[in-house]
Amino acid sequence: MSESVELDSVDWRILEELQNDATLPNRTLADRVGLAPSSCLQRVRRLREQGVITGSHIDVDPAATGLALEAVVAVNVRPHTRPIVDQFREFVMAQPETRSLLHVSGQADFLLHVAVADTAHLQEFLVDRLAARTEVRNFTSSIVLEQLHTRALTPPKHLRPKRRRRT
């Protein structure tokens, strides 16, 4: 896990803007957060170097690509040891249907988000590939009826920096 980095109010504004649109030109970003373009670029570079910004991405509508059915699969593996967890994670992440994988505590060991063409494709994935794994003890799947995206990651009001750091 990464160490926490001290962020000021401008850093958070930059992060919020880039999380909402990673394609923003630096000049537009600088205008939105009230910085000179050179200062803005310097801050974004620092946030990357410190590991706060770890990449950029675009969102793709699975239905537009022919993968209209999404499901969340709760999976238990046994034995729950590091080698088994690593093997399972490697297998799942190599599957083209995988959108995301969470290793969690609680009733399930993993939550797997998949996108498939239809119920036959989901059945093939679950029965022929997932259930065929010897480490998979059991799983339950739930069809996604609606997915709402969260806003950009921002600190709660009581943790939000009040001041701008002097550079």
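Where does Pro-79 lie? I looked this up to start my notes. I found Pro-79 in the loop between E1 and H4. The model I am reading is a predicted one.

**Entry 1**

I checked the peptide bond that runs from Arg-78 to Pro-79. It is cis, and omega is near -10°. I noted this down because most peptide bonds are trans.

**Entry 1: Arg-78 and its partner**

Next I stayed with Arg-78. Which residue forms a salt bridge with Arg-78? I found Asp-109, with the closest N and O atoms 3.0 Å apart. I then asked where the two residues sit. Asp-109 lies in the loop between strand E2 (98-103) and strand E3 (110-116). Arg-78 lies in the loop between strand E1 (69-77) and helix H4 (82-93). The pair therefore ties together parts that are 31 residues apart in sequence.

Asp-109 has 6% relative accessibility, so I wrote it down as buried, the cut-off being under 20%. Arg-78 has 35% and counts as partly exposed.

**Entry 2: the annotated domain**

I turned to the UniProt record. This unreviewed entry places "domain: HTH asnC-type" at residues 7-68. I looked at the span in the model. It is 53% helix and 0% strand. Its end C-alpha atoms lie 39 Å apart.

**Entry 3: H1 against H2**

I began the helix pairs with H1 and H2. Their axes come within 10 Å and cross at roughly 130°. H1 and H2 are therefore oblique to each other. The crossing of H1 past H2 is right-handed.

Which residues meet here? From H1 I listed Arg-13, Ile-14, Glu-17 and Leu-18. From H2 I listed Leu-29, Arg-32 and Val-33.

Glu-17 forms a salt bridge with Arg-32, and their closest N and O atoms are 3.0 Å apart. Glu-17 is in helix H1 and Arg-32 is in helix H2 (residues 26-33), so the pair ties together parts that are 15 residues apart in sequence. Glu-17 is partly exposed, at 22% relative accessible area. Arg-32 is also partly exposed, at 45%.

**Entry 4: H1 against H3**

I moved on to H1 and H3. The axes come within 11 Å and cross at roughly 80°. That is why I noted H1 and H3 as roughly perpendicular to each other. On the H1 side I found Val-10, Asp-11, Ile-14, Leu-15 and Leu-18. They meet Cys-40, Arg-43, Val-44, Arg-46 and Leu-47 in H3.

**Entry 5: H2 against H3**

At what angle do H2 and H3 pack? I read off about 100°, with the axes 9 Å apart. That makes H2 roughly perpendicular to H3. On the H2 side, the contact is made by Asn-26, Arg-27, Leu-29, Ala-30 and Val-33. On the H3 side, I listed Pro-37, Cys-40, Leu-41 and Val-44.

How many salt bridges does a search of the whole structure find? I wrote down eleven. One of them joins Asp-8 and Arg-43, whose closest N and O atoms are 2.9 Å apart. Asp-8 lies in the segment before helix H1 (9-20), and Arg-43 lies in helix H3 (residues 37-49). The pair therefore ties together parts that are 35 residues apart in sequence.

Are the two residues buried or exposed? Asp-8 counts as buried, at 3% relative accessibility. Arg-43 is buried too, with a relative accessible area of 6%.

Asp-8, Asp-11, Arg-43 and Arg-46 are linked in a network of salt bridges.

**Entry 6: two distances**

Glu-16 lies in helix H1. At 23% relative accessible area, Glu-16 is partly exposed. Glu-16 and Gly-51 are 35 residues apart in sequence and 16 Å apart in space.

The other pair was Asp-118 and Glu-70. Their C-alpha atoms are separated by 8.7 Å, and the residues are 48 apart along the chain. I placed Asp-118 in the loop between E3 and helix H5 (119-130). Asp-118 counts as partly exposed, at 38% relative accessibility.

Note on methods: Residues are numbered from 1 along each chain as its sequence is written. This is a predicted model: local features need pLDDT of at least 70, side-chain atom pairs count only at pLDDT 80 or more; totals for chains, interfaces and linings use all residues. Side-chain values use heavy atoms; hydrogens and water are left out. UniProt positions are given in the numbering used here, feature names are shortened, and annotations may be inferred rather than shown by experiment. Helices (H or I, at least four residues) and strands (E, at least two) are DSSP runs, numbered from the N terminus. A salt bridge is a side-chain nitrogen of Lys or Arg within 4 Å of a carboxyl oxygen of Asp or Glu. Buried means under 20% relative accessible area, exposed over 50%, partly exposed in between (1.4 Å probe, protein chains only). Axes are lines fitted to C-alpha atoms, for helices over the stretch in contact, and angles run from 0 to 180 degrees between N-to-C directions. Angles under 35 degrees count as roughly parallel, over 145 as roughly antiparallel, 65 to 115 as roughly perpendicular and the rest as oblique. A crossing is left-handed if the near helix is turned anticlockwise from the far one by less than a right angle, and right-handed if clockwise. Contact means heavy atoms within 4.5 Å.
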